[in-house]
Amino acid sequence: MLHSALRAGLFAGAAFCASAAMAAELAIVSGDTGNGLAFLQSQLDKFEAATGNTVKIVPMPSSTSDQFGQYRLWLAAGNADIDVYQTDVIWAPQLSDQFLDLTEAAKDVIKDHFPSIIESQTANGKLVAIPAFTDAPALFYRKDLLEKYGKPVPKTWDEMAATAKEIQDKEREAGAKDLWGLVFQGNAYEGLTCNALEWVKSFGGGQIVEANGDISINNEHAAKALDTVKGWVGTISPPGVLAYQEEEARGVWQTGNAVFMRNWPYAYALGNGDDSAVKDKFGVSPLPAATADDKPAATLGGWNFAVSKYSRHPEEAIKLALFLGSTESQKDRAINQTNLPSIISLYDDPDVAKAAPIIPQWKEVFMNAVPRPSAPTKVKYNEVSSLFWSAVHDTLSGNGTAADNLELLEAKLTELKGSGW
């Protein structure tokens, strides 16, 4: 397989010299959070040593919405300066025409990945991107504080809110004036779509647009979910949570100033870093549901590597995408970044289990993962998501009721859908 050949190249001096003479200069874009850029550079160093090619990182904003907007501008202009794009799991149907088909190049490794992940990156029979890792969020909780107050890990949102409020108030009385009960991603961007889909789905309110294309968001269960969360803002969550993205939430959590946090697995390794105030003090569990009889919902995430059809070095760019999605690279990601592998065998890898014991545990979270409606809404998904997160943000900010905002959202989505997605 290709990644094995690349690894072997690390030790083949003659081959290295030969490849260096014909080296390609590649560029990859990255908007990684946490220490993701440093990790990517470590992988690129290995690739460069193996192939003689050089790879430049073009940094991007951490907001996935901003990234997507920039990607569309570059690709629409036929920009040849970027060879490899890091893509969100939802972008394959929208950008497939701008990326090379990797089906043939990846034919030997496709079987190693979860079939559902490969399917998510396939549009019109074309493999648009190589999976780097999959993703599903969880509830991070302060194990020490729950034990101190004799509280179980909450199974429902109401239990979470009550526990958060009680611990927050008692700890503040004891001097922890900056402690909040819950932090999440409340800014008006794609991250809020992920959070709000979890609330709505876990309350029985559907998936915004269902798999058959029906618009389902305007219902009493969805409205109840948003009204519930609105009640958290300013009580158990800071008013500023409506401007938080992943890193802002992690910043509050990692300084020891939150009882609960909704976030992605990357925050686990960072939370246990030597500079973290919550090192060894927290655990993770599936997100709560509306009632004990309801199922929790965790938005399916994940990132991939796609090759621009405008690349001047398509063969070398494909090699880079395959290398960064290889078993070796995904194992490094799992161990160092606590990113969930898309390669099935790594869930049983003893090195991964030892370094990141939550990864085997995350199977339960992953089993409750719910996709965003990018498949049914196709190229219109970005507009669907933008309309949804705007309606949610308005509701949480007090600009209109949940019922009114969802009714207006339904009208806008119906207009956008027109005669079909």
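Tutor: In this predicted model, strand E7 (residues 138-142) and strand E9 (residues 258-263) run antiparallel and are joined by four bridges. Within that pairing, alanine 138 has asparagine 263 of E9 opposite. Helix H8 (residues 157-173) packs on the sheet, where E8 and E9 are the strands touched. The direction of H8 makes about 140° with that of E9. Helix H11 (residues 246-254) lies across E7, E8, E9 and E10, and runs at about 155° to E9.

The sheet as a whole is open and has four strands, in the order E8-E9-E7-E10, with mixed pairing. Its edges are strand E8 (180-183) and strand E10 (282-285); each has a single partner strand, so one side of each is left without a neighbour in the sheet. From one strand to the next, the twist averages 15°.

Buried residues of H18 include Tyr381, Phe388, Trp389 and Leu396. The buried residues of this helix pack against several other helices, among them H4 (64-76), H9 (190-202) and H19 (402-417). Just after H18, glycine 398 takes a positive phi of about 90°.

Alanine 321 is buried, its relative accessible area being 1%. Leaving aside residues up to four places away in sequence, alanine 321 touches Ile130, Phe305 and Val307.

Conventions:
Residues are numbered from 1 along each chain as its sequence is written. This is a predicted model: local features need pLDDT of at least 70, side-chain atom pairs count only at pLDDT 80 or more; totals for chains, interfaces and linings use all residues. Side-chain values use heavy atoms; hydrogens and water are left out. Buried means under 20% relative accessible area, exposed over 50%, partly exposed in between (1.4 Å probe, protein chains only). Contact means heavy atoms within 4.5 Å. Helices (H or I, at least four residues) and strands (E, at least two) are DSSP runs, numbered from the N terminus. Two strands pair if DSSP finds at least two bridges between them. Axes are lines fitted to C-alpha atoms, for helices over the stretch in contact, and angles run from 0 to 180 degrees between N-to-C directions.
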